[in-house]
Structure formats: C-alpha cells, structure tokens
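Visitor: I have not looked at this one before. Can you take me through it?

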Amino acid sequence: MSCTPAADFARSCVPSITSSGHRVALLTDDGVRIEAAYTPRTGPPTDPAAASAAAAGADPGDLVMVLAHGFTGALDRPALRRAAAVFAQRAAVVTFSFRGHGGSGGRSTVGDREVRDLAAAVRWARSLGHRRVATVGFSMGGSVVLRHAALYGQGKHEGRTGAHADTVVSVSSPARWYYRGTAPMRRLHWAVTRPAGRLVARLGLHTRVHPEDWDPVPLSPTDAVPLITPAPLLIVHGDQDPYFPLDHPRMLAAAADPSSTDLWIEAGFGHAENAADEHLLARIAHWAAAARTP
C-alpha cells in the first residue's frame, strides 16, 4: 500500500492492519515517536448511534474515536483491538500506543507526558478530515483523556489548535495520584518506582517505565474535570473494579459540571478495556456519537 503522511507530524507508514486501514508513526511535540493506526467506520449508516447523531444535528461520518489504553496496554493488545472493532461499527477509530508501550518510543511516565501522545493522535485524526473527535480512555488512559481535555481545550491555548477533544469518555480512571489503597495498586507502584519493578515491567509486561519521579506533579484528574466544560464528559466505572473503589468516580463526577457530565456505575464491571464487554463498549460508542457540546 502506498501511503502519504497526513501531516508533517506523521512519519512513513508501516504495513496496514486491515485492507482499509493504515498505520503510521507520529511525532509528539517533545520528539517521541508514537505508533498509531486508523480504522474507517465499518457499520451501516442506519445503526442506532448514527440515528442518534443525526437527531442531534451531527453527521456521524464526521466522528472519529481516539482510544487511549491503560498501563501495559498497546495498540496491538487483544483488549484494545476488540474495543476498536466495536467502536468502528459506529465511527472511525484511531488507536495508538503510549510512549514506552508496544512499538512506540520513549518511556512511560504513567500518565504525565502521555497527554502529548494523545494530542498527536488527535491532531492526526483531524488531519484525516474528521471534524468531531471523541477521546475514550481506560484506566491510565482515562486519566490522560481528562487532563488532555483540560489542557488542550478548544481556544484555551495558542499553538494547540486541532489537538482538542469535542467529547470525552473516561473509563476506570483514578481520581487522585499516588493511590495505594488496593493490592493491585500497591503492585503497580512497586513496578513503577523500584528498579526491580521496572525490570519486571520491561521484561514481563513489555512496558518501559521512566525512572524519574514527576517534577512537577501533574494536574490531578479531579482538578482537571472542571476545566473540561462545556465539552460533554462521560465517566464510567465498575462496582467490581479491583484497582479503584467507587469513591474515585464519585469524586470526579462531583468536581465536574453537572450540566455536561454523565456518570455510569456499572454493576459487575471490573477494570478498564480488559473487562469491558461488547455491550458496554457499544453503549459508550452510542453515547459518544450522540453527545453534542451545548
């Protein structure tokens, strides 16, 4: 397949994952190479999500969903590919691997500099002709989409044109940093903060973690959500989440603008993309397609 970069931040394409989609390497504004993939919409224009979008005054073909995976995830991991396949029935989809994950360069900062990776993916999505971008993040990616929406809001920062999200969905996100209240989070902190843990993350989980502490500490998810308005925001969390208990989504919802925010507490749902079934993913896609900024 021949491939011309969509913009100067997209580097030469690598082999496609489908006959109709394609993969590129994007360059973030701090110089990190990020692998990304584009999948066109596969579903019929008469599905419920398209009908809801049309009823809300939106062209469903304008929408692209940019998916942000959780820590240790990647573009080619089965859970993210499954989510992308469900979302592609309702809209075009961009997936990518955060820095330090998969085929991307750099090292993971566990949600800090990753906002730059998401911004590069959103810019690329818009360069492909899509006028509406919904960012959908899971776990670490859920915190990233919140901070990205706060920092890259439309018209808020000169020089960040085209990197903003129109609609935001955060799934299984923490509300605050340094949470160690569950056993999985204590294991994650060990993997991130200790040399032996980072070695295990690199060799066993194929995730390369930056050894330096945050300096400065980034804006917390709870402090980010008030800055997202008026963009529609959906917060999704499971009542069986082993990482973050229900005070996390409730803190996020309490800090958000109630006129533009929905909170779903899902019975029986665990954590992030690995636990999200097709029914939940389809509902999220439906919500994103119908959501409109007031």
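Guide: One term to start with: axes are lines fitted to C-alpha atoms, for helices over the stretch in contact, and angles run from 0 to 180 degrees between N-to-C directions. Helices (H or I, at least four residues) and strands (E, at least two) are DSSP runs, numbered from the N terminus. This is a predicted model, where local features need pLDDT of at least 70, side-chain atom pairs count only at pLDDT 80 or more, and totals for chains, interfaces and linings use all residues. Residues are numbered from 1 along each chain as its sequence is written, and side-chain values use heavy atoms, with hydrogens and water left out.

Visitor: At what angle do α5 and α6 pack?

Guide: The angle between α5 (residues 183-193) and α6 (residues 195-204) is about 95°, and their axes are 5 Å apart. The two helices are therefore roughly perpendicular (angles of 65 to 115 degrees; under 35 is roughly parallel, over 145 roughly antiparallel, the rest oblique).

Visitor: Which residues make the contact?

Guide: From α5 there are W190, A191, V192 and T193, and from α6 there are P195, A196, G197, R198, V200 and A201. Contact means heavy atoms within 4.5 Å. The residues divide into seven nonpolar, two polar and one charged. Here Ala, Val, Leu, Ile, Met, Phe, Trp, Tyr, Cys and Pro count as nonpolar, Asp, Glu, Lys and Arg as charged, and the others, Gly among them, as polar.

Visitor: Which residues of α6 are buried?

Guide: G197, R198 and A201 of α6 are buried, meaning under 20% relative accessible area, with exposed over 50% and partly exposed in between (1.4 Å probe, protein chains only). They sit on the same side of α6, because they cover an arc of only 100° around the axis; the arc is that of the directions from the helix axis to the C-beta atoms. The buried residues of α6 pack against α5. P195 and L203, on the other side of α6, are exposed.

Visitor: And what comes just after α6?

Guide: H206, which takes a positive phi of about 55°.

Visitor: New topic. How many helices and strands are there in the protein?

Guide: Ten helices and nine strands. The protein has 294 residues, of which 56% count as buried.

Visitor: Which residues touch the most other members in the largest nonpolar core?

Guide: In that core of 41 residues, they are L26, V66, V94, F96, V168, I228 and L233. A nonpolar core is a set of buried Ala, Val, Leu, Ile, Met, Phe, Trp, Tyr and Cys residues joined through side-chain atoms within 4.5 Å. Elements that each supply at least two residues include β2 (22-27), β4 (63-68) and α4 (140-151). α3 gives the most, with seven residues.

Visitor: What about V66, what is it in contact with?

Guide: Leaving aside neighbours within four places in sequence, V66 is in contact with residues including V94, F96, L118 and V136.

Visitor: How do α3 and α4 cross?

Guide: Their axes come within 9 Å and cross at roughly 75°, so α3 and α4 are roughly perpendicular to each other. Among the residues in the contact are L118 and V122 of α3 and M140 and V144 of α4.
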